[in-house]
Amino acid sequence: MADSTTRSDDDPHAQSPTKYYLSYPSPSHTKAAVILMHGRGDNADDLADVFLPGLQRRYGGKESRLDEQIDRGKDYGPVTLVAIEARDHSWYPQSHNGGCGRYCSSNA
Amino acid sequence: MVGVGATVQAMLDLQKRDSADAHKQGCLFFFQRSSAVEPALTAENERYQQSALDKIRTTLLHLHHECHLPLSSIVLAGFSQGAILSNTYLLSALDLYMSDNATAAHAHVPLPGYILAFAGSLFKTPPLYPRPSTNSGAVTSASESVPSTTATAAFVQPKRVRSRLICGLTDKYFPLDEIKDAAGALASRSVGIRHLGHDLDVVVSLALEEGGGHRISPRMIDMVSESVDEILAATRGTESQSHEASA
């Protein structure tokens, strides 16, 4: 238990989900993959929803999120859409240039 | 006689002031000075950033190893935080090449054929990546939601990486200069690694959109499809060549 807690502290996003759309990736039929990485406060499903309609019309595949039990191994098309999600919907807590700017300048 | 910081409220007020001013006033109690607080903030951010970069890495390796997809056939598209991390991931690999550590880049930082950064720049203080290993030499792995892949599992780096940044001119979180600086940092490294003779061509482009604000625009959506079209066209070209060769 302590080990998993420590590992989670070192690697906050290790257990966060990876979600698949259009078609599960497979050596037999996947020719291209798109990995989506969302912004602060967002999630994999909402970001995928922005791109899914256009990609589905163009390359085929399922219109909704794939179901592991039903869809794994099925060839729905040559393109897979993979959306990775952050723990607590944020990849990092502080701003990208919040405290770092002064730290950088005071480092000199 | 009541000195500065003698009461709880005075301490709280003091905490808000510039630490240099507080020192001049001869305070008995020193709160964390900004230079001490900021490394703590940076350190706190860094483990999250490293974990996020590991998430990119393991996802790429899963598609490459388990699904037999060439890295050149993968598009990484990030929005906002995702864009910053995507750019940072590329930058970390390029810095390894620039420091003449291509071996480390080839061992630990697989690159996708396309990196699309939608409304995002770079960190002012980038995280250390790959992060120092805690064991005999392997890079610490990340996600278990994707099957784990050993850090030393070989991968075939693409010959060319297209790095495409796009941002709205009225994006309130990313000023124009910041986006240009990010593109410039990537472009300068791409030139540098070419001069060093590395077998990696990084093509950087920047598109700025009128209006729009901080959002995913139709142009960004099209950019994903265009990238996939290029991949599929290249794949068809490769397949037809092999058919001709075997005929």
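Predicted model: local features only at pLDDT ≥ 70, side-chain atom pairs only at ≥ 80, totals over all residues.
**The interface of chain B and chain A**

- On the contact count, where contact means heavy atoms within 4.5 Å, 62 residues of chain B touch 52 residues of chain A.
- The size of an interface is often given as the accessible area lost when the parts come together. Here the buried area (the accessible area, with a 1.4 Å probe, that two parts lose on being put together, summed over both) is about 4800 Å², and carbon and sulfur atoms give 61% of it.
- Between the two chains there are 24 residue pairs in polar contact, both residues being at pLDDT 80 or more. A polar contact is a pair of N or O atoms within 3.5 Å; within protein, one must be able to donate a hydrogen and the other to accept it, and residues adjacent in sequence count only if both atoms are side-chain atoms.
- On the side of chain B that touches chain A, at least two residues each are supplied by α3 (34-66), β1 (74-79), α4 (81-98) and α7 (218-246) of chain B, where helices (H or I, at least four residues) and strands (E, at least two) are DSSP runs numbered from the N terminus.
- The largest share of that side of chain B, 19 residues, comes from α3(B).
- Sorted by class, the side of chain B that touches chain A holds 30 nonpolar, 21 polar and 11 charged residues; Ala, Val, Leu, Ile, Met, Phe, Trp, Tyr, Cys and Pro count as nonpolar, Asp, Glu, Lys and Arg as charged, and the others, Gly among them, as polar.

**Strand β1 of chain B**

- Strand β2 of chain A (residues 32-37) pairs with β1(B) in the parallel sense over five bridges, given that two strands pair if DSSP finds at least two bridges between them.
- Six of the six residues of β1(B) are buried, so the strand is largely enclosed by the rest of the structure; buried means under 20% relative accessible area, exposed over 50%, and partly exposed in between (1.4 Å probe, protein chains only).
- In a regular strand the side chains alternate between the two faces of the sheet. From β1(B), Ile74(B), Leu76(B) and Gly78(B) point one way, whereas Val75(B), Ala77(B) and Phe79(B) point the other way, and all are buried.

**Salt bridges**

- Over all chains, a search of the whole structure finds 16 salt bridges, each being a side-chain nitrogen of Lys or Arg within 4 Å of a carboxyl oxygen of Asp or Glu.
- Two salt bridges cross the interface of chain B and chain A, one of them between Asp11(A) and Arg131(B), whose closest N and O atoms are 3.5 Å apart.
- Arg131(B) also forms a salt bridge with Asp54(B), with the closest N and O atoms 2.7 Å apart. This pair links distant parts of the chain, 77 residues apart, with Asp54(B) in helix α3 of chain B and Arg131(B) in the loop between β2 (114-118) and β3 (160-168) of chain B.
- Asp54(B) is buried at a relative accessible area of 0%, and Arg131(B) is buried at 10%.
- The side chains of Arg72(A) and Glu68(A) meet in a salt bridge at 3.0 Å, N to O, where Arg72(A) is partly exposed at 39% relative accessible area and Glu68(A) is partly exposed at 42%.

**Backbone features**

- Most residues other than glycine have a negative phi, and most peptide bonds are trans.
- The peptide bond from Tyr129(B) to Pro130(B) is cis, with omega near 0°, and Pro130(B) is placed in the loop between β2 and β3 of chain B.
- Asp88(A), in the loop between β4 (79-84) and α4 (100-106) of chain A, has a positive phi near 60° and is exposed at 63% relative accessibility.
- His89(A), which lies in the loop between β4 and α4 of chain A, has a positive phi of about 65° and is partly exposed, with a relative accessible area of 34%.

How values were computed: Residues numbered from 1 in each chain as written. Chains lettered and ligands numbered in written order. Heavy atoms only, no water.
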